[in-house]
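Please open the structure in your viewer and keep a selection tool at hand.

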Amino acid sequence: MKYVLERLFDEVEALAAKEFGDAHPEIRRPPKESQAIYAIPCFRHAKTGGASPVKLAEELAAHWNAELATDSILERFQAERGYVNVFAKTSFLLEEVIGDLNRSGANYGRHPDKHKKVVVDYCSPNIAKPLTVGHLRSTIIGQSLINILRASGFETIGINFLSDWGTQFGKLLYAFSQWGDEESFIKEPVRHLVDLYVRFHKETESNPALEDEARASFMRLENGESAERELWKRFREASLKDFEGTVARLGVHFDNNWFESEFEAKAHDLIDSLLREGIAERSEGAVIVRTGEDDSVPPLVARKSDGTTLYASRDLASALVRIERWKPAKLLYVVATEQNLHFSNLAKVLSTMGYPDCLEHIRFGMVSLPSGKMSTREGRVVYLDELLDEAERRAEEIIKEKNPEMTEGDRKEVARKVGIGAVVYADLSQDRIKDIVFDWQKMLSFEGNSAPYLQYAAVRCKKIMQKAEPVEREPLKNLNRGDIAHLVNGLMDEESKELLLHLGRFPHAITEAAERYSPHVLAGYLYDLATSFSRFYTNLQVLKSDTETRKARLLLVKATGDILEQGLKLLGIETPDEM
């Protein structure tokens with residue numbers, strides 16, 4: 001099933017594609033003040049043909065108006081400054097949107113199963129280090145993409161690929177043997193391990209020989225010596241428990257926790273196979289895979305000269321397991337932009353090996369607080385739990401001021417949803433490619449583009465519906481075509497038409513966010529919906545209007561509240577019952 005505005009988009013796209021010879025021509029949303037549904041820009045195609053964009057738009061509008069079928073959803077085309085604006089038959093379109101809402105119910109906006117799998121790698125921290133603000137983006141972008149892709153009809157498999165192997169664990173093993181405190185480890189295991197890691201690096205400033213001790217400790221771990229293995233397993237188990245507590249606060253759940261160490265043996269087998277097939281080669285004792293046409297592109301180093309594997313080869317071995325186990329349409333890695341070369345190399349090696357082109361790096365910019373960058377090695381970090389605690393504390397202060405009569409228990413629960421929702425939305429509402437800096441005041445504002453603003457709009461919808469008569473609280477229940485046409489008659493004012501059409505765009509917002517792997521597309525849609533509802537609520541009466549108009553407007557209020565709540569849930573944000 002396709003929703004009406006998706007069908008309309010397909011019709012407009014097909015028309016432009018036929019004219020321009022472009023399978024996916026650019027289709028835009030016109031400015032809010034326009035009554036058009038879509039706009040087709042003519043600039044690029046006019047330049048190619050050496051024509052004026054204004055003249056091309058006028059010619060196309062005239063041609064398409066002449067060819068327009070009487071049974072089309074489209075009503076007319078109009079040229080405007082190099083664009084062709086597309087208008088639809090308003091009454092028919094509004095009826096179809098209500099029909100979509102009526103048929104789909106709680107599943108409105110969701111799409112049928114595409115019978116395709118997408119594997120998403122996200123969060124993926126190092127064990128023995130707590131989650132910091134630096135882990136936030138991968139974690140919440142990854143989870144929101146899983147939610148959005150699932151709503152768009154894909155089967156998703158989420159993987160948290162934890163780094164638990166390498167020389168740094170030799171450093172920790174040695175540091176714990178020298179300065180570890182069992183009581184501190186039991187009380188706060190991961191914080192204690194971070195303190196030991198920082199101390200190790202400070203001690204090496206005056207005693208560089210400690211690096212040799214760390215390498216020896218890791219070699220004993222690699223060789224399977226029981227003392228190192230048991231301690232390393234304790235580090236791993238304590239870390240996983242700590243991580244799960246933190247990400248649960250963000251509404252994040254992993255389908256699979258995989259460990260880098262599990263792919264050590266597979267990486268050696270893979271490297272040997274690449275050497276036999278001539279894909280890899282030996283270079284100064286190491287094993288490399290060249291991924292560029294010349295030496296300007298650094299190769300993928302698969303094995304060091306001392307015979308040990310690297311993260312790149314273990315990650316490659318893991319990718320092969322994912323491809324062979326699930327045969328995904330896409331293999332997504334939600335990792336910061338700095339790892340571009342790593343994932344470019346991985347994709348090229350997989351292609352050389354004959355695997356389908358499915359690996360995609362979902363890159364994102366850095367996140368920071370106004371105080372600047374963070375470094376675990378130097379002990380200069382902002383822990384994610386502390387950030388979330390601060391968000392909840394600040395949210396509680398605002399809620400206490402706005403609603404002093406709320407009980408403490410209710411206030412804390414609302415503050416949890418508002419504070420954490422503010423953190424998540426502040427990130428996801430921005431293009432993931434950009435670097436972001438936290439701004440507490442903007443993040444927790446009840447005005448403008450923020451989670452509290454959207455949550456407040458959803459709560460307002462709930463409150464209105466609670467004041468309606470019981471029989472009015474399910475306005476979309478058991479409607480027939482005649483009922484729908486009658487309802488549309490009560491929604492012909494500009495505010496109601498705008499809001500209803502915006503409700504109709506929800507399915508397309510999900511699809512676009514999924515296709516672009518961009519949660520900010522959905523966040524932007526929800527903000528526009530909330531502002532459209534604000535205009536509707538400010539300018540029109542709902543509960544005090546006449547009976548027929550009241551019924552029609554309550555339909556809009558109910559649908560708006562439901563979609564705001566559903567959309568925020570896809571972003572990983574809860575909606576409170578009151579604020």
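Predicted model: local features only at pLDDT ≥ 70, side-chain atom pairs only at ≥ 80, totals over all residues.

Begin by selecting residues 167–179, which form helix α6. Its 13 residues reach 18 Å from the first C-alpha to the last, close to the 18 Å expected at 1.5 Å a residue. Within α6, colour the buried residues: Phe169, Gly170, Lys171, Leu172, Leu173, Tyr174, Ala175 and Phe176. Next display α7 (182–187), α8 (189–206), α9 (210–222) and α10 (226–249), which are among the elements covering these buried residues.

Now select aspartate 164 and arginine 236, a salt bridge whose closest N and O atoms are 2.9 Å apart. Aspartate 164 sits in the loop between β5 (155–162) and α6, while arginine 236 belongs to helix α10, so the pair ties together parts 72 residues apart in sequence. Aspartate 164 is buried, at a relative accessible area of 0%; arginine 236 is also buried, at 18%.

Move to arginine 314 and glutamate 264, where the closest N and O atoms of the salt bridge are 3.6 Å apart. This pair links helix α12 (residues 311–326) to helix α11 (residues 264–276), its members being 50 residues apart.

Then select glutamate 390 and arginine 393, a salt bridge with its closest N and O atoms 2.7 Å apart. The two are 3 residues apart in helix α14 (residues 384–402), so about one helical turn separates them. Glutamate 390 is partly exposed, with a relative accessible area of 22%, as is arginine 393, with 38%.

Finally, select Arg7, Glu95, Glu96 and Arg481, which salt bridges with shared partners join into one network.

Technical notes. Residues numbered from 1 in each chain as written. Heavy atoms only, no water. Helix = DSSP H or I, 4+ residues; strand = E, 2+ residues; numbered from the N terminus. Expected span 1.5 Å × (residues − 1). Buried < 20%, exposed > 50% of the residue type's maximum accessible area, 1.4 Å probe, protein only. Contact = heavy atoms within 4.5 Å. Salt bridge = Lys/Arg side-chain N within 4 Å of Asp/Glu carboxyl O.
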